[in-house]
There are 2 protein chains.
Amino acid sequence: MITLNDVYIIGAGETKFGELWERSLRELATEAGLRAIESAGIYSKDVEVLYGSNTLGGAINAQNDIGGLISDFTGLAHNNIPAISVEASTASGGAAVREAYLGIRSGEYNVAAVGGVEKLTDLYGSEVLDLTSTLLDSEWEGFFGATPAAIAALVAQKYMKDFNVDHESLAMMSVNDHMNASKNPDAHYRNVLTVEGAVSSTMVAEPLGMMDCSPASDGAAAIILASEEYVKKNKIHGIKILASAVAQDYLALHSRKSVYRFDSTVVAARNAFKKSGLKPDDISFAEIHDSYSIYGLIELEDLGFAKKGEAKKLLPDDIKLDGRIPVNPSGGLKAKGNPFGATGVGQFVEAFQQLNGKAKDRQVKSPANALLHSMAVSGSTSVVHILEGN
Amino acid sequence: MITLNDVYIIGAGETKFGELWERSLRELATEAGLRAIESAGIYSKDVEVLYGSNTLGGAINAQNDIGGLISDFTGLAHNNIPAISVEASTASGGAAVREAYLGIRSGEYNVAAVGGVEKLTDLYGSEVLDLTSTLLDSEWEGFFGATPAAIAALVAQKYMKDFNVDHESLAMMSVNDHMNASKNPDAHYRNVLTVEGAVSSTMVAEPLGMMDCSPASDGAAAIILASEEYVKKNKIHGIKILASAVAQDYLALHSRKSVYRFDSTVVAARNAFKKSGLKPDDISFAEIHDSYSIYGLIELEDLGFAKKGEAKKLLPDDIKLDGRIPVNPSGGLKAKGNPFGATGVGQFVEAFQQLNGKAKDRQVKSPANALLHSMAVSGSTSVVHILEGN
């Protein structure tokens with residue numbers, strides 16, 4: 001197998017994340033899509049395939065076939081280009097980008113659009129809770145009352161006991177997210193959070209409080225990918241995808257080899273580093289899937305930035321915007337927000353801005369590259385991408 | 001772009017389609033998957049990626065992330081190989097195969113499994129009806145009471161009037177499906193149907209009766225794809241995928257250029273024929289997405305087997321098992337059954353058996369190739385594959 005098709009990100013756009021009561025799924029997707037196309041400096045007719053990413057639209061919005069919906073409403077359907085939806089639970093965004101990447105690598109497409117969208121606030125909180133349990137193993141977890149938050153709490157209990165980690169350490173992940181989000185106009189929550197405020201927030205599932213949990217957000221994000229051939233021919237400046245990797249673990253927590261090591265993350269990261277030729281120490285900044293504060297710590301370890309049980313040593317200083325390894329300059333899932341299908345795509349929007357030096361107040365200093373990590377609820381799927389800056 | 005990676009189907013398996021009350025989603029998927037692996041003569045550990053196909057599991061079975069579920073229950077998760085779900089409404093099966101095909105073409109994988117599964121009978125009929133409307137444009141079709149059957153009926157009314165086609169012609173599609181299904185042990189309905197019986201069946205949406213509509217089925221189907229390199233190295237006999245194409249039209253019927261020409265099918269077929277170097281006259285047999293009898297006629301035209309309005313000329317003789325262009329030797333959606341996520345994958349199972357000369361009573365005589373067509377509800381997505389026999 002010989003291939004010459006490296007893949008570049010040439011455009012990116014997103015809506016504000018938040019409680020967007022007055023806006024529909026299709027409106028959000030279209031706004032993000034058009035911003036991405038505009039940012040790429042291409043025309044809609046140049047797009048050769050659309051990959052949609054969404055997680056719960058069928059249940060919340062009575063709308064499946066989100067790829068088809070976006071294609072219809074953006075007018076891409078006019079050219080009859082393919083529109084496919086990719087779902088990998090809350091890792092759908094990263095997974096959709098990867099499918100577009102493979103499509104271009106295969107030589108089938110030169111320009112691909114990826115659009116992620118989710119509208120979680122169209123339902124009451126308890127209804128959303130029920131629906132997020134459909135992302136777990138329903139028969140062995142969901143039907144017995146387990147929710148994603150309850151599982152994260154179990155993991156946190158065991159992790160905190162075994163490694164002598166206190167709630168304050170977990171809280172520092174959320175504090176870091178809120179600090180960065182305060183500088184991100186697209187973020188769901190822009191308030192600065194203190195460790196004291198975080199640990200005293202309303203309990204959700206012991207030991208996790210409200211400030212340890214990412215919110216249910218609405219929002220959309222889109223990026224445009226192009227082949228090396230296309231980028232060179234059109235003299236477009238793009239961000240190169242150095243590596244793309246995805247790995248899977250058992251869906252049900254009880255089948256896993258470890259409760260607080262996510263093997264999907266370990267394997268995806270290992271494969272991505274191998275493909276990129278880089279090591280964790282070489283990474284300029286990372287966007288990680290900290291849907292719960294505890295997961296942020298675990299992921300820093302499983303991605304290779306700290307040894308197991310030692311992520312706390314990176315907090316709070318090393319992960320700050322001007323730290324050794326800035327984490328979630330966007331504000332992360334806790335504060336930028338977590339509109340499932342859009343979350344992973346939104347990480348690419350942040351990286352596109354950062355690597356082009358256009359992240360303004362939250363700009364990481366001269367980043368050479370970025371690592372992006374998208375994960376299914378409690379670690380069953382992980383998608384890792386490594387991007388190269390300029 | 002240079003690539004040497006042709007893609008072959010090396011194994012296929014499915015469950016019986018039907019009302020499988022006593023069997024769970026995961027059981028069905030596992031049975032089909034293990035049959036496919038056994039048929040390929042490989043081990044589970046040889047599989048490098050899993051693509052899941054499912055349409056309504058989130059709503060019907062409270063289970064999203066079907067790729068993850070299959071990976072978990074089949075034990076593939078043990079090796080941490082990627083598991084991704086693909087959704088393109090009722091074209092999910094064909095779309096999932098295509099993603100696996102692109103993954104291998106890209107050089108990323110040598111062996112890919114595709115598993116489609118659906119359990120539609122876990123709900124009452126009217127509930128299923130509500131859910132199938134989530135595959136339409138919800139805001140502009142579903143919320144106003146349109147269902148897939150109602151839309152098919154609108155299309156049928158206009159088609160029958162403009163081209164002077166009677167109900168008997170439509171019925172002949174169903175009659176052909178039932179005749180072939182009577183010879184298929186995996187089929188949902190194995191009874192032989194007469195034209196008189198078909199046209200006098202209970203009305204669903206005028207002019208379409210029960211015998212013009214595919215049933216809500218349970219079932220699973222799986223295939224194993226492998227790269228040219230893998231097939232040669234292991235001296236495996238495979239069925240080559242000559243062409244893979246997908247195209248999209250507007251989701252909402254009212255936005256289409258024509259009510260009874262499915263441009264997604266026209267474009268996907270045109271691209272597939274171009275890639276394969278074949279013409280419609282060269283095709284040995286076809287499996288088409290006749291979820292409604294009227295769609296069978298329209299698809300025969302849009303795939304290039306007849307001019308617009310003239311599909312009736314192919315009925316009933318040309319489409320029979322020993323006719324000029326045998327259609328749906330499996331029994332098609334009407335009689336083999338329509339478990340959405342499994343339907344398109346099931347077409348590959350049939351083609352694998354036919355092209356290997358193992359379809360027994362329903363064997364098409366010495367087929368040189370096969371065309372497979374998977375479609376989203378009312379024509380918004382079409383996936384066309386052309387396979388080469390031995």
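**Group meeting: a two-chain predicted model**

Phi of Lys235(B) is near 50 degrees, which is a positive value in a residue other than glycine. Is Lys235(B) buried or exposed? It counts as exposed, with 6 C-beta neighbours inside 10 Å.

Chain B has another residue of that kind. Asn80(B) has phi near 60 degrees, again positive and again not a glycine. You'll find Asn80(B) in the loop between helix H3 (66-74) and strand S3 (83-87) of chain B. Asn80(B), though, is buried: 22 other C-beta atoms lie within 10 Å. The cut-off for buried is 20 or more such atoms, and for exposed 12 or fewer, so Asn80(B) with its 22 is on the buried side and Lys235(B) with its 6 is on the exposed side.

While we're on backbone details, here are the cis peptides I'd like you to look at. One joins Glu206(B) and Pro207(B), with omega about 10 degrees. Pro207(B) belongs to the loop between strand S5 (203-205) and strand S6 (208-209) of chain B. Over in chain A, Leu315(A) and Pro316(A) are joined by a cis peptide bond too, and there omega is about -5 degrees. Pro316(A) is in the loop between H11 and helix H12 (332-336) of chain A.

Stay in that loop for a second, please. Leu303(A) is found there as well, between H11 and H12 of chain A. It is buried, with 27 other C-beta atoms within 10 Å. What does Leu303(A) touch, leaving aside its neighbours within four places in sequence? The list is Thr265(A), Ala269(A), Pro280(A), Ala286(A), Ile288(A), Leu371(A) and His373(A). Take Ala269(A) from that list: it is 34 residues from Leu303(A) along the chain, yet their C-alpha atoms are separated by 5.5 Å.

Now zoom out to chain A as a whole. Its secondary structure comes to 13 helices and 11 strands. The radius of gyration of chain A is 19 Å, close to the 21 Å from the globule rule for 390 residues, so chain A is as compact as a globular protein of that length. Along the principal axes, the C-alpha atoms of chain A fill a box of roughly 55 × 45 × 40 Å. Buried residues account for 67% of the 390 in chain A. And if you take the contacts in chain A between residues at least 6 apart in sequence, 76% of them join residues at least 24 apart.

In chain A, the axes of helix H7 (residues 167-181) and helix H11 (residues 293-302) come within 8 Å and cross at roughly 95 degrees. That makes H7(A) roughly perpendicular to H11(A). H7(A) brings Leu170(A), Ala171(A), Met173(A) and Ser174(A) to the contact, while H11(A) brings Ser293(A), Ile294(A), Gly296(A) and Leu297(A). By class, that contact has 5 nonpolar residues, 3 polar and no charged.

In chain B, the pair is H4(B) and helix H13 (residues 340-355), packed at an angle of about 60 degrees with their axes 6 Å apart. These two are therefore oblique to each other. From H4(B), the contact uses Ser92(B), Gly93(B), Gly94(B), Ala96(B) and Val97(B); from H13(B), Phe340(B), Gly341(B), Ala342(B), Thr343(B), Gly344(B), Val345(B) and Phe348(B).

Last topic: how the two chains go together. How can chain B be laid on chain A? A turn of 180 degrees and a shift of 0.0 Å along the axis will do it, with an RMSD of 0.0 Å. That is the relation of a two-fold axis. In chain B, the residue that comes closest to the rotation axis is Ser106(B), at 1.8 Å by C-alpha.

The contact between the chains takes 57 residues from chain B and 57 from chain A. On chain B's side, at least two residues each come from helix H2 (57-60), H3, S3, helix H4 (92-105), S8 and helix H10 (263-276). That side of chain B divides into 23 nonpolar, 24 polar and 10 charged residues. Finally, 100% of the interface residues of chain B are also interface residues in chain A, so the copies meet through the same surface.

Note on methods. Residues numbered from 1 in each chain as written. Chains lettered and ligands numbered in written order. Predicted model: local features only at pLDDT ≥ 70, side-chain atom pairs only at ≥ 80, totals over all residues. Least-squares fit on C-alpha atoms with pLDDT ≥ 70 in both. Contact = placed C-beta atoms within 7 Å. Axes fitted to C-alpha atoms, helices over the stretch in contact; angles between N-to-C directions. Helix = DSSP H or I, 4+ residues; strand = E, 2+ residues; numbered from the N terminus. Parallel < 35°, antiparallel > 145°, perpendicular 65-115°, else oblique. Nonpolar A, V, L, I, M, F, W, Y, C, P; charged D, E, K, R; others polar. Rg over C-alpha atoms; globule rule 2.2 N^0.38 Å.
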